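My notes follow in the order I worked.

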Amino acid sequence: DQPPPQPRTLRTANFQGANGYRTSGTASIIRDGSAHRLELGDDFRTDNSAALDVRLCTDDSCAGGGVLDLGSLQRTRGKQSYGLADAGNAYSHVVIWCRAVRLPFGSGRLR
């Protein structure tokens, strides 16, 4: 028997704030066996709002039409994980999106 393959980081992003809001830290797309997930790192921080979502987008403002909403942000600080159906190759940015003001709080380009 061989041990199961270790989780592998496929792409990473470094957050920058947007529209006067502060967001910082890292995000990574991870492959773990046949499953994929987006992980926000231990260093993740963002300004608070009651209506924040995590999105994968084709640009840093989610205005380009290609948007995958991963659901509500679990917390404004620290490590958290969101399941993905695939490696997210159709998307170039991770965006913290505020539904209340309909603007990004921050984004990071996946590389």
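This is a predicted model: local features need pLDDT of at least 70, side-chain atom pairs count only at pLDDT 80 or more; totals for chains, interfaces and linings use all residues.

I took buried to mean under 20% relative accessible area, exposed over 50%, and partly exposed in between, with a 1.4 Å probe and protein chains only. Numbering starts from 1 along each chain as its sequence is written, and side-chain values use heavy atoms, with hydrogens and water left out.

**Entry: His93**

I started with His93, which counts as buried at 10% relative accessibility. His93 sits in strand 10. Strands here are DSSP runs of E with at least two residues, helices are runs of H or I with at least four, and both are numbered from the N terminus. The His93 side chain makes a polar contact with the side chain of Ser92 at 2.8 Å. A polar contact is a pair of N or O atoms within 3.5 Å; within protein, one must be able to donate a hydrogen and the other to accept it, and residues adjacent in sequence count only if both atoms are side-chain atoms. I then listed contacts, meaning heavy atoms within 4.5 Å. Not counting residues up to four places away in sequence, His93 touches Arg55, Leu56, Cys57, Thr58, Asp59, Asp60, Gly108, Arg109 and Leu110.

**Entry: cysteines**

How many disulfides does a search of the whole structure find? It finds one. The cut-off is a pair of cysteine sulfur atoms within 2.5 Å. Cys57 and Cys62 are the partners, with S to S at 2.0 Å. Their link is right-handed, with 70° about the S-S bond. Both Cys57 and Cys62 are buried.

**Entry: positive phi**

I noted Cys62 again here. Its phi is near 60°, positive in a residue other than glycine. Cys62 lies in the loop between strand 7 and strand 8 (67-72), and its relative accessible area is 11%.

Arg102 also has a positive phi, about 55°, although it is not a glycine. Arg102 belongs to the loop between strand 10 (93-98) and strand 11. At 65% relative accessibility, Arg102 is exposed.

**Entry: Asp53**

Is Asp53 buried or exposed? Asp53 is buried, with a relative accessible area of 5%. It is part of strand 7 (residues 52-57). Its side chain makes a polar contact with the side chain of Arg99 at 2.3 Å. Beyond neighbours within four places in sequence, the contacts of Asp53 include Asp69, Gly71, Val95 and Trp97.

**Entry: largest pocket**

On a 1 Å grid over the protein atoms alone, a pocket is an open set of points where a 1.4 Å probe fits, with protein on both sides within 12 Å along at least five of seven lines; lining residues have an atom within 4 Å of a point. Volume is the space filled by probe spheres set on the points, which are joined across faces, edges and corners. The largest pocket holds about 160 Å³ of space. Among its lining residues are Thr12, Asn14, Gln16, Asp60, Arg109 and Arg111. Strand 1 (8-14), strand 2 (16-17) and strand 11 (103-109) each supply at least two lining residues.
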